[in-house]
Structures are given as C-alpha cells and as structure tokens.
Protein chains: 2
Amino acid sequence: MRKKYLLAPGPTPVPESALLAMAQPIIHHRTPQFSEVFRETAELLKYVFQTRQDVLILAASGTGAMEGSVTNLFSPGDEVITVNGGKFGERWTKISEAYGLKAHEIKVEWGKAVDTREVTRLLDANPKIKGVMVQASETSTTAAHPVKEIAELTKGRDCLLIVDGITAVGVFDLSMDDCGIDVLVSGSQKAFMLPPGLAFAALSERAWKFQETAKCPRFYFDFKKERKNLKDNTTAYTPAVSLITGLREALKLIKEEGLENVFKRHDRLARATRAATAALGLKALAPESPSNAATGVFVPEGVDGGKLVKYLRDEVGVTMAGGQDHLKGKILRIAHLGYVDTFDIIIAIASIEMAFNKFGHKVRYGKGVGAAQEILSEGYK
Amino acid sequence: MRKKYLLAPGPTPVPESALLAMAQPIIHHRTPQFSEVFRETAELLKYVFQTRQDVLILAASGTGAMEGSVTNLFSPGDEVITVNGGKFGERWTKISEAYGLKAHEIKVEWGKAVDTREVTRLLDANPKIKGVMVQASETSTTAAHPVKEIAELTKGRDCLLIVDGITAVGVFDLSMDDCGIDVLVSGSQKAFMLPPGLAFAALSERAWKFQETAKCPRFYFDFKKERKNLKDNTTAYTPAVSLITGLREALKLIKEEGLENVFKRHDRLARATRAATAALGLKALAPESPSNAATGVFVPEGVDGGKLVKYLRDEVGVTMAGGQDHLKGKILRIAHLGYVDTFDIIIAIASIEMAFNKFGHKVRYGKGVGAAQEILSEGYK
C-alpha cells in the first residue's frame with residue numbers, strides 16, 4: 001500500500017465533495033435543473049475572478065481561452081506586445097502570429113519578471129499597439145509578472161491588458177476590476193481544484209468594445225455568443241456538464257473559506273516552501289518575484305532532476321513537476337495551489353529530504369521540514 | 001422519491017463503472033500512469049471508429065472537432081459543399097464561412113436525407129470543390145444522410161468527405177476506412193456514454209495530405225500537433241484527465257459487447273421505438289431515412305410539445321428532447337443511443353402513453369409498449 005500525493009502545478013488535487021458531485025448520474029444540459037447549477041456556478045466564478053463582469057465557461061483547456069482572447073479582440077495586422085518569460089508567455093506570441101497579428105515580443109530570462117520600463121518603451125515607440133499579453137504567474141518558471149504595474153500603463157491608452165491568470169486566479173489577489181485588467185483567463189485544474197477540461201474568460205467593458213470590431217476568424221471560441229448564452233444560464237455549445245457540476249462544489253468551498261483567507265493560505269504555504277527549500281540550500285529559480293502558485297528550485301549539482309522527479313513519483317508516491325525545455329532535468333517545481341494545506345507542504349519537503357539522501361546528496365532530516373513548520377504554524381491559533 | 005431517466009440524444013446516461021473511474025483522485029497528465037490510460041483509450045477509440053488511423057482526442061465539445069476539420073484542411077477561398085438538413089448541418093456552413101471558405105450549401109428539408117444526385121450535380125458543376133461536409137446522423141431531425149453513397153462520389157475526385165459522426169459513431173456501422181470517409185468526428189456524450197467535454201477526430205491519409213497545405217488559421221485545434229503528441233500518448237494541451245479515464249471504462253464496455261452487437265442493439269431499440277410510436281399513431285419526422293440514434297415524432301394535434309417534454313421531465317422523471325428552431329414545441333425526440341437497453345425504451349413509451357392521457361390525448365395503455373415489446377423480445381434467447 002502506497003498513498004499518492006499530487007503536488008504539481010496542475011492538475012491539482014480535487015476535493016472529495018467535487019469528485020462525488022461529478023460521479024452523480026449525468027443530467028441534461030437544457031433543463032432548469034442544470035441551468036440552476038450553471039447560474040450558481042457563474043455567480044460564484046465572478047466572486048473568485050473579483051469582477052462584476054460575466055465569466056465565460058468554455059469546454060477546453062486554458063489555451064482555448066487564450067486563443068479566444070486573441071481572436072475575439074483583434075484583427076489580422078494588429079500590433080500587440082507579448083511578454084515571453086517562459087513556456088506560457090511564448091504561447092501568447094505563437095497564438096498571435098497564428099492569427100496574423102504583429103507581436104512585439106519581450107523576451108524575459110526564465111525565472112525573472114518583465115521589466116515594466118521595457119513595456120513603457122515599446123508602448124511609447126509603437127503607438128499603434130492595441131494589446132499587452134502577459135502571465136500573472138508563469139507556471140513554467142514559478143515567477144510572477146507585475147500585472148498591477150502594467151495595468152497602470154495600459155489604462156490610459158487605447159490598449160488592452162490581457163492576462164493569463166491560469167495559475168493566479170484564486171491563488172493571490174488579482175482583482176480584475178480594481179486593477180484594470182481587460183481580459184482575465186483561467187483554467188479548472190489549478191486553484192479551482194477540478195480536473196482539466198474547463199477554461200474561463202472575463203472581459204472588461206473596454207474589451208467588449210474591442211470585440212465589436214475584431215476581425216480574426218473564430219467559431220468555437222466566440223465570446224459574444226457565449227455571453228449571450230450565459231445570460232440564459234447556458235453555453236453556446238454543449239457544456240461539460242459533470243465538470244461544471246463539480247466546479248460548483250469546489251467554488252462553494254472557496255466561498256466558504258473566503259477569498260481573503262484563500263489568498264492568505266496560499267501565501268503561507270508558499271513562504272513555508274521557500275523557507276524550507278532555502279534551508280536545504282536549494283537555489284530558487286524566481287527569487288525576486290516568486291509566484292504563490294508554485295516554487296521552482298534548482299536541483300543540487302550531481303542530482304539528475306529527471307530521475308529525482310520520477311523517483312519521488314513512482315517510489316515515494318509524491319508527484320511534483322520538473323522543468324520544461326532548457327530547464328528539463330535541472331529544476332523541481334513544488335506546487336502549493338488549490339486543495340492544498342499545511343501537511344501537503346510537510347509531505348513535499350520531507351519527501352525531498354528523503355529522496356536527496358537516497359540520491360547521495362546528504363541533508364539532515366527535518367531541516368527543511370522544520371523551517372516550513374515555523375511558518376506553517378502561523379495558520380493555527 | 002422519483003427515479004430519473006435520461007433519454008435525450010446527448011448527454012446520454014453514463015455507466016456506473018465510468019462514473020466511479022471519474023471519481024478517483026486525479027492523476028497528473030505527464031506521467032507513465034496517465035500515458036498508459038491514454039494509450040489504451042486511443043487504441044480502443046480506433047476500434048470504435050473502425051479505422052487504422054489515429055483518433056485525436058480534444059478537450060472540447062463536438063463543435064470544436066468540426067471547426068478543426070475545416071481549419072486544418074482548407075484555406076480561405078476554398079470551395080466546399082455543406083449539407084444543411086438541420087441544426088448541425090447548418091453549422092458546417094457557418095464554420096466554413098467564419099473561416100472564409102466558399103460554401104455551396106445544399107438545403108434539405110428537415111427530416112429528409114440529402115439527395116445524392118444534388119451532390120453529384122454540384123460536384124460536376126464546380127470542379128474546384130475540395131470538400132463535402134455532412135452529418136451521418138442529423139441529431140436535430142433524427143434523419144440519417146447516405147454517407148456511404150456520398151463517399152462513392154468523393155473517392156474518385158480530389159475532394160474530401162468530412163462526416164459529423166457525433167450521433168453516429170458507435171451507433172451504426174460507419175466504417176471509416178471501408179467507406180472512404182476522410183474525416184470522421186464525434187463527441188463523448190453520445191454513444192461513448194460519457195459526460196460532454198471530449199471531441200474526437202480521425203483523418204484519412206488523403207486528409208493528412210490536404211492538411212499539409214491548408215492555410216486557415218488555427219492554434220488550439222491543431223491536428224498535426226495533436227497527432228505528434230498522440231504518438232507520445234498525450235495531447236498538445238492539458239488533456240481532460242478525468243473524462244479520458246472515464247472514457248477508457250466506457251470503451252471497454254463497448255469492446256466487451258462487441259461493435260457488431262452494439263450496432264444490433266441500437267438497431268433493435270430504434271426499430272422498437274419506431275414501431276411503438278407508429279402504434280400510438282404518431283407521425284415520424286424522418287420516416288424515409290431514420291437514424292438509429294434517436295426517433296423524432298410529431299406530437300399529436302392539440303398537445304403542446306414544450307409542455308409535454310417539461311411534464312415528462314419534471315413530473316414523470318423521464319428526460320427526452322423537444323424540437324429546435326421551427327420544430328420547437330412540435331416534436332418529441334426519443335433517444336436510444338449509448339448506455340441504453342430494452343427497459344429504457346419500455347420506460348420511454350410507457351411514460352409517453354401516461355403523459356398523453358394526462359394531456360387529454362387518449363391512448364390505450366400498453367398499446368405502444370406492446371408494439372415495442374414485440375421487437376425488443378428479439379434480443380433474448
């Protein structure tokens with residue numbers, strides 16, 4: 001018998017109440033019964049997105065909502081800024097180019113946050129730029145970009161701020177309306193504590209204005225059609241009924257805990273993880289601007305990161321993530337978003353200590369765990 | 001206490017083994033554990049699609065696979081034939097036009113099958129036509145189109161046959177390879193006995209050739225990228241893990257029953273439903289070319305179809321479908337695809353008899369049920 005633990009930055013663990021809701025016999029989607037589930041879910045989503053705007057629910061991965069954000073707001077030839085500080089930032093550029101936009105790409109070293117002066121410089125030099133696309137939390141590097149500061153730059157211009165909040169919404173404070181974010185997208189398998197399969201997108205009034213004249217072709221991801229259907233408590237195409245039913249349960253948990261407390265919990269878990277990895281002498285991948293969604297650290301010299309992740313998963317039963325692209329085999333990403341609490345962090349750190357000793361990188365047992373405990377104990381009276 | 005029964009043409013009931021598989025704790029998608037689930041699922045899908053080709057698995061509704069079939073195979077300006085014999089046929093036209101194709105639309109009266117002579121005439125008159133798009137089973141009218149005959153027309157030309165098999169694959173024999181279908185798409189919430197959220201697409205060698213030069217923009221629905229990832233037992237973007245885990249269980253049930261027997265069961269249930277509704281004096285919507293997925297009948301004069309569907313669902317607990325667009329309130333659609341057996345048809349017909357009497361349309365109890373039983377009894381030794 002070996003118990004399994006999931007501590008990767010998506011999919012994240014699913015609470016039992018959501019799992020059981022999804023195991024209920026399926027109901028038809030064009031019924032008052034499902035409309036009521038949908039209505040309640042859509043309302044709770046606005047709470048988590050911190051917006052008065054509608055939050056569209058799409059049957060897709062998060063990338064679908066990213067694509068829709070491009071095709072529903074822009075036309076071929078439009079100029080945009082894309083912030084490429086990792087695997088997902090790169091995706092903004094690729095989507096933009098696939099639809100004929102001209103992307104001014106800001107390349108950011110993996111692990112760093114974008115320098116807002118560079119955004120200002122590009123905006124000033126290219127007054128035709130109509131959008132800035134950025135990750136609030138770049139999952140591949142565990143760095144956070146300064147979205148609030150960028151919003152200050154786009155607010156006064158005829159330029160939208162489009163934010164991939166896939167590992168940010170429900171993790172840390174990113175109030176769409178208060179910040180001035182024009183499009184905020186997310187996905188079900190992150191802080192929403194659900195299996196993958198749902199993507200979300202919310203648009204500001206200003207973004208809806210852009211939508212009216214945007215000429216990129218689109219059909220399945222048609223935000224205007226989705227908004228119209230949302231008013232009738234449904235979606236344009238067949239909704240992923242079971243996932244939405246599970247989502248309602250997960251959102252109820254978030255509402256019950258209170259968003260403020262959810263943010264505090266994530267912050268506590270993130271700080272504990274950082275303290276623990278530092279105590280173990282591990283170099284952080286994003287020390288200056290770490291995201292509260294996950295913590296990326298370089299594995300010690302002489303340890304093969306790929307083998308480490310595999311050993312932790314297959315032998316110890318603890319699934320974390322390794323690195324992507326040029327960071328493959330070099331880093332370990334410990335996620336702490338979603339249905340995660342104190343003892344998940346204890347498990348993560350304890351398992352790393354044990355694996356390190358197995359791999360010949362000697363560390364004192366309890367050293368990282370102790371450092372985590374110091375911070376985790378804040379969460380108790 | 002009121003037991004609930006789902007007899008709508010999607011979503012269809014989900015077998016208990018699939019529901020329970022989806023209620024398991026979520027596993028990470030980039031692991032050998034999930035790769036094995038994916039590999040087995042992809043292999044079983046080929047069996048149900050009756051093809052040697054890969055079957056792509058997308059996190060989307062069926063419409064997403066329809067859109068991908070257009071954008072991955074054609075370029076703006078390309079000429080195609082779309083067969084519009086209902087709500088879903090109309091969608092082929094809308095998608096084609098959204099991406100700048102020139103659609104020669106064949107309008108077919110709702111409930112009828114397309115006349116293949118009309119397809120021939122258009123193909124002969126417009127030699128530049130590169131594709132024919134049609135439904136194998138038009139869910140909105142419960143009519144089947146003559147796909148095999150159309151395949152005979154497209155085979156010898158430089159023209160693809162693209163088939164929406166959303167309520168056809170796994171319902172009746174539609175061997176992709178043997179017929180010469182170039183693209184076959186389907187969705188999880190039909191004969192695949194799963195909740196909505198997955199779309200499927202399989203392409204012939206010829207279709208993959210078209211893909212090489214197709215210039216429509218696309219990103220999320222990128223078939224080439226999906227095929228590449230499929231070889232590694234994964235998807236291009238985060239797969240809908242729980243749905244795929246459930247799909248494996250549902251496909252195992254199909255494999256165990258045997259596709260031949262699955263087709264026979266659907267045929268028996270369909271014939272029983274037709275015999276029962278005829279015995280009740282109900283006029284069929286698609287008498288000449290009925291689909292084995294569902295049976296559409298006109299509600300008797302003086303009965304409000306909308307109220308009938310609502311009464312059956314809310315008071316009796318049996319969910320069937322009404323009509324769409326101009327057939328709204330006029331028809332009843334009784335589905336018999338997926339996880340459906342003898343006594344589901346008995347329930348459907350008995351509940352209709354009871355509702356009719358309540359609505360003042362007097363019928364002799366057991367008249368329709370008896371007619372169904374005559375045929376349903378064929379299924380037993």
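Colleague: Among contacts in chain A between residues at least 6 apart in sequence, what percentage join residues at least 24 apart?
Modeller: That comes to 71%. Keep in mind that this is a predicted model.

Colleague: OK. How many helices and strands does chain A have?
Modeller: Chain A has 14 helices and 13 strands. Its radius of gyration is 21 Å, close to the 21 Å that the globule rule gives for 381 residues, so chain A is as compact as a globular protein of that length.

Colleague: And what does the C-alpha trace of chain A span along its principal axes?
Modeller: About 60 × 55 × 35 Å.

Colleague: What share of the residues in chain A is buried?
Modeller: Buried residues account for 58% of the 381 in chain A.

Colleague: Which domains does the assignment give for chain A?
Modeller: The domain assignment gives domain 1, covering 16-256, and domain 2, covering 259-379. Their C-alpha centres are 28 Å apart in chain A. Where the two touch, domain 1 of chain A supplies 24 residues and domain 2 of chain A supplies 22.

Colleague: Which elements give two or more residues to the domain 1 side of that contact in chain A?
Modeller: Helix H2 (32-49) and strand S7 (143-144) of chain A. By class, that side of domain 1 of chain A has 12 nonpolar, 8 polar and 4 charged residues.

Colleague: Switching topic: how many residues of chain A are in contact with chain B?
Modeller: 44 residues of chain A are in contact with 44 residues of chain B. On the chain A side, the elements giving two or more residues are H1, helix H3 (62-71), helix H4 (87-98) and helix H10 (241-257). That side of chain A divides into 26 nonpolar, 13 polar and 5 charged residues.

Colleague: What rotation superposes chain A on chain B?
Modeller: A rotation of 180°, with 0.0 Å of shift along its axis, and the RMSD is 0.0 Å. The two copies are thus related as by a two-fold rotation axis. The same surface serves both copies, since 100% of the contact residues of chain A recur in chain B.

Colleague: Which residue of chain A comes closest to the rotation axis?
Modeller: Ala60(A) does, with its C-alpha at 2.4 Å.

Colleague: Now a helix up close. Which residues of helix H14 of chain B are buried?
Modeller: Helix H14 of chain B runs over residues 367-376, and its buried residues are Gly368(B), Val369(B), Ala371(B), Ala372(B), Ile375(B) and Leu376(B). They cover an arc of only 165° around the axis, which puts them on the same side of H14(B).

Colleague: What do the buried residues of H14(B) pack against?
Modeller: Against helix H11 (259-279) and helix H13 (342-358) of chain B.

Colleague: I'd like to look at the backbone too. Which residues does a cis peptide bond join in chain A?
Modeller: Gly10(A) and Pro11(A), with omega at about -5°. Pro11(A) sits in the loop between strand S1 (5-6) and helix H1 (16-22) of chain A. In chain B, a cis peptide bond joins Gly10(B) and Pro11(B), again with omega at about -5°.

Colleague: What is the phi of Asn233(B)?
Modeller: Phi of Asn233(B) is positive, about 60°, although Asn233(B) is not a glycine. Look for it in the loop between helix H9 (223-231) and helix H10 (241-257) of chain B. Asn233(B) has 16 other C-beta atoms within 10 Å, so it is partly exposed.

Colleague: And Asp325(B): buried or exposed?
Modeller: Asp325(B) counts as exposed, because it has 10 C-beta neighbours inside 10 Å. Its phi is positive as well, near 50°, in a residue other than glycine. Asp325(B) lies in the loop between strand S12 (318-319) and strand S13 (331-335) of chain B.

Colleague: Last one: where is Gly306(A) found?
Modeller: In helix H12 of chain A, residues 305-316. Gly306(A) counts as partly exposed, with 14 C-beta neighbours inside 10 Å.

Colleague: Which residues does Gly306(A) touch, leaving out those up to four places away in sequence?
Modeller: Gly322(A), Lys328(A) and Gly329(A). Gly306(A) and Lys328(A) are 22 residues apart in sequence, and C-alpha to C-alpha they are 7.2 Å apart in space.

Key: Residues are numbered from 1 along each chain as its sequence is written. Chains are lettered from A and ligands numbered from 1 in the order in which they are written. This is a predicted model: local features need pLDDT of at least 70, side-chain atom pairs count only at pLDDT 80 or more; totals for chains, interfaces and linings use all residues. A residue is buried if 20 or more other C-beta atoms lie within 10 Å of its own, exposed if 12 or fewer, and partly exposed in between; C-beta atoms are placed from the backbone. Helices (H or I, at least four residues) and strands (E, at least two) are DSSP runs, numbered from the N terminus. The arc is that of the directions from the helix axis to the C-beta atoms. Two residues are in contact if their C-beta atoms, placed from the backbone, lie within 7 Å. Copies are superposed by least squares on the C-alpha atoms of residues with pLDDT of at least 70 in both. The radius of gyration is taken over C-alpha atoms; the globule rule is 2.2 Å times the number of residues to the power 0.38. Domain bounds come from an automatic or database domain assignment. Ala, Val, Leu, Ile, Met, Phe, Trp, Tyr, Cys and Pro count as nonpolar, Asp, Glu, Lys and Arg as charged, and the others, Gly among them, as polar.
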